[in-house]
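This briefing concerns the structure shown below.

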Amino acid sequence: MSPLDLSAIPVVDNHCHGMYRDADHLDIPAWRRLFTEAYGAAAQREHVATTLFYQRLLRALAAFWDCAPDEDAVLAARGRYTGDERIRALLHAANIAALLVDQGYPPRDQVLPDSDVAALAGCRTFPMLRLEPLMERLIAEHPTFADVEDALRAALADVRAQGYVALKSIAAYRTGLDIRVWDRADAEASFAEARRIARETGALRLAQKPLLDTLLHVAFAEAARQELPMQFHTGYGDTDADMLLANPLHLRGVLEQRAYRGMRVVLLHECYPYTRQGGYLAAVYDHVYLDLSYAIPFLGYGELVACTRAAFGVAPYSKLMYSSDAVGLPELLWISARDGRRALGQVLGDIVEAGDLDVATAEIAGAAVLHDNAVRVYDLSS
Ligand SMILES: [Zn+2]
């Protein structure tokens, strides 16, 4: 069976980030650094250029801008256009219906207003509220732990009324996904330590596990009550993650909690490399969904196909949703849409050939993953 052609289906990108204001004139080292999660100097300087993702991106962009497939030519070609022109050209080519944008990273003063991106791309944008920066602000502002809990509950009392369509947590790469219920004394001690650090350094990076876990339970209760989507970073990402603790199977305690069943749990980044584990959770828990992210993690095309196949192999396709996780660059939004449709079309073609789905149902599944499931899960239809 030949691949399904999904190019006509506009994508709802259920997890991405803002577009940088100032990424017009990048030299090769600055450009390369945008395509690796590694902190190592050699990785950023040299090794990134030998990844399959990077090589594929260069060749795809060379074809898009009609130039030679090397770094100098691609950077010169993109430099001939303004940032606005690049966003308009690439995002129109990507056929994007909507972008769900994590407001927590990059800092908002480094990115364009989402409304500008929406106007340039001809798409809708929806903000998502990242919990940890909100918690950090409230910890700095309030002298007692009980006050922080009350303030967090109040801040999350009606999330949709503030315009947000989802919450997001990065606990995976702060303290891990084994989110526990702590004794009050442990949470209080953890709060005192965070306050001391905030006072002494003027900044707080919330990484005190009893404190973060306890505040997350406040957020989960609100998310469940409002039937909100709650995105969890899982798997691949920031290198400060202990990848063992970013395994979504650690969420069992949260997922088993009856009081939280109203919360729509979205496992981000296909849980890479724990894609089968994420697919399993989406298969067995009514309220769990698996995000299939096609720009970040930075993967070879064959690995995108393998992850897509693994997800389809176990999870209902009504539980899978497309994203890019693109940060800062329209190039990432664009190549994700291109490769996501291509990988999905290839996997669905194979699935038809294997006899699991007929062609008509495979086409419905493609539209579900690229568009329809996210509209339903995030209530985007109105
Ligand atoms: Zn992200």
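Which residues line the largest cavity? In this predicted model, the lining consists of His17, Gly18, Met19, Leu99, Val101, Asp114, Val117, Thr125 and Leu333. One of these residues, His17, is also a donor to the zinc ion. The points below are grouped by topic.

**Cavity**

- The structure holds 1 cavity of 30 Å³ or more, and the volume of the largest cavity is about 40 Å³.
- Strand E2 (96-102) and helix H6 (114-121) are the elements that each give two or more residues to the lining of the largest cavity.
- By residue class, the lining of the largest cavity comprises 5 nonpolar, 3 polar and 1 charged.

**Zinc site**

- The zinc ion is coordinated by NE2 of His15, NE2 of His17 and an OD atom of Asp325, at 2.0 to 2.1 Å.
- The spacing of these donor residues in sequence is H-x1-H-x307-D.
- Distant parts of the chain are linked by the pair of histidine 15 and aspartate 325, which are 310 residues apart.
- Histidine 15 belongs to strand E1 (residues 11-17), whereas aspartate 325 lies in the loop between strand E8 (320-323) and helix H14 (330-354).
- Histidine 15 is buried, with a relative accessible area of 0%.
- Aspartate 325 is likewise buried, with a relative accessible area of 7%, because the cut-off for burial is under 20%.

**Helix H3**

- Helix H3 (residues 52-65) has 14 residues, which at 1.5 Å a residue should span 20 Å; the end C-alpha atoms of H3 are 20 Å apart, so the two values agree.
- The buried residues of H3 are Phe53, Tyr54, Arg56, Leu57, Leu58, Ala60, Leu61, Ala62 and Trp65.
- An α-helix has 3.6 residues a turn, so residues three or four places apart point the same way.
- The cover over the buried residues of H3 includes helix H1 (28-33), helix H4 (71-79), helix H5 (83-94), helix H13 (301-314) and H14.

**Arginine 32**

- Arginine 32 is found in helix H1, one of the elements that cover the buried residues of H3.
- With a relative accessibility of 16%, arginine 32 counts as buried.
- Beyond its neighbours within four places in sequence, arginine 32 is in contact with Gln44, Arg45, Glu46, Val48, Ala49, Tyr54 and Glu71.
- Among these contacts, Tyr54 is one of the buried residues of H3.

Key. Residues numbered from 1 in each chain as written. Predicted model: local features only at pLDDT ≥ 70, side-chain atom pairs only at ≥ 80, totals over all residues. Heavy atoms only, no water. Donors = N, O, S within 2.8 Å, 3.2 Å for Na, K, Ca; no water. Helix = DSSP H or I, 4+ residues; strand = E, 2+ residues; numbered from the N terminus. Buried < 20%, exposed > 50% of the residue type's maximum accessible area, 1.4 Å probe, protein only. 1 Å grid on protein atoms, 1.4 Å probe; cavity = no way out; pocket = protein on both sides within 12 Å on 5 of 7 lines; lining within 4 Å. Points joined across faces, edges and corners; volume = space filled by probe spheres on them. Nonpolar A, V, L, I, M, F, W, Y, C, P; charged D, E, K, R; others polar. Expected span 1.5 Å × (residues − 1). Contact = heavy atoms within 4.5 Å.
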